[in-house]
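Me: I'm new to this structure. Could you pick one part and take me through it closely, and then show me another region as well?

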Amino acid sequence: MKQIASRISIYSADTFGVCSALYELGGLCVMHDASGCNSTYNTHDEPRWYDFDSMVYISGISEMEAIMGDDQKFIDDIIYTAKELNPKFIALAGTPIPTMIGTDFKAIANIVENETKIPTFGFNTTGMNSYVSGAYKTFEALSKRFLKRNDKESRAEKSRVNILGATPLDFSINNSIKSTVDLLKENDFDVISTWAMGSTLEDIKDAGNADVNLVISYSGMGAAKYMYEKFNIPYIVGTPFGKEFAKKIVVDLKEAIITKENKISYINRKIDKNPQITIIGESIMSESLAYAISTEKNKTVNVISTLETDKNLLLEGDKLKIYEDDIEKELKNSKIIIADPLYRPICPLDSNFISLPHEGFSGRIYRDEIPNLINKSL
């Protein structure tokens, strides 16, 4: 019963994280479900749906197919559709129904790829984890499947960088990603690719030639770790919120190219047992905002990460709390709270609540109110 949320929303599902991560890359994405998942995704969680064409489909699994464990119709439909549309890749994502009947997505992906000769991914998503889990697996899988490094390539005049972890579920479509790209270009970086908003699959494939990676949300950590292990490309962790923190990230990126060492940019933020401000949200973005506020406003801040993350990305005193009851207990003494408006029902009545909408939590409801905080004075 602890997993039940009775007063607050829940985050977008891992299945949607897969689709969001791949939306702009020219692939065929298929959610294996009866019907409802795709309408929930495109209605609430995908702001690009009406302006940017993408091949995102639902399989329409029937009750009898689920009972009998019949995967053949699913396979045949994918193969037929792929031959008609000729996508650059195919991605299959699970939901609660195939999870309950034990669908083997990796095996189905192998069958589909052998038949179509199109790269095919099978993601064992369940619909029970958050979008972060799905996007993390997706970006990691893309890096393992498509990336190569051209060591014979001549040295570029500018340092080359990838931006990892960009989806509208975290950054909406308020020009935050464009502002991040502009910040790097203004500081003499050549942005090879942005995973995965504003870049093509061909851009993504060239990412192995970067000098450094910037991880702006936890969704990008899997790809960053792989590129470091495979190609020795160091990564910097941090979202460039605020003017001062944006400057620090730029400095850290340039240092990492020389030292080849990974770094969490916000690691030296001042902490306090009784902070003035509490931020609720995704780990890297929340920690980055906490650093920016601490630096520019001279306030003590702590973070409650409510999504999957590595604990080493949280500072001492910060908490990983995913369930409603646990979050509410952590908030009982909080004075100022920065969070999505749908967290308000579990915040103390005497706290000062500052609204910071998050697309992956409240969907389209507050989309027009989501601010672009990249490289802006707070």
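Reply: Happy to! Let's start with a polar contact (a pair of N or O atoms within 3.5 Å; within protein, one must be able to donate a hydrogen and the other to accept it, and residues adjacent in sequence count only if both atoms are side-chain atoms): a polar atom of the T125 side chain lies 2.8 Å from the backbone nitrogen of G94. This is a predicted model, where local features need pLDDT of at least 70, side-chain atom pairs count only at pLDDT 80 or more, and totals for chains, interfaces and linings use all residues. Residues are numbered from 1 along each chain as its sequence is written, and side-chain values use heavy atoms, leaving out hydrogens and water.

T125 sits in the loop between β4 (120-123) and α7 (131-146); helices (H or I, at least four residues) and strands (E, at least two) are DSSP runs, numbered from the N terminus. T125 counts as buried because its relative accessibility is 1%, where buried means under 20% relative accessible area (1.4 Å probe, protein chains only). Leaving aside residues up to four places away in sequence, T125 touches D14, T15, V18, A93, G94, T95, T99 and G134, a contact being heavy atoms within 4.5 Å.

Now for the other region. Five strands form an open sheet, ordered β6-β5-β7-β8-β9 with parallel pairing; strands pair if DSSP finds at least two bridges between them. Its edge strands, β6 (189-195) and β9 (263-264), each pair on one side only. Strand β5 (residues 159-164) runs parallel to β6 and is joined to it by 6 bridges.

How values were computed. Buried means under 20% relative accessible area, exposed over 50%, partly exposed in between (1.4 Å probe, protein chains only).
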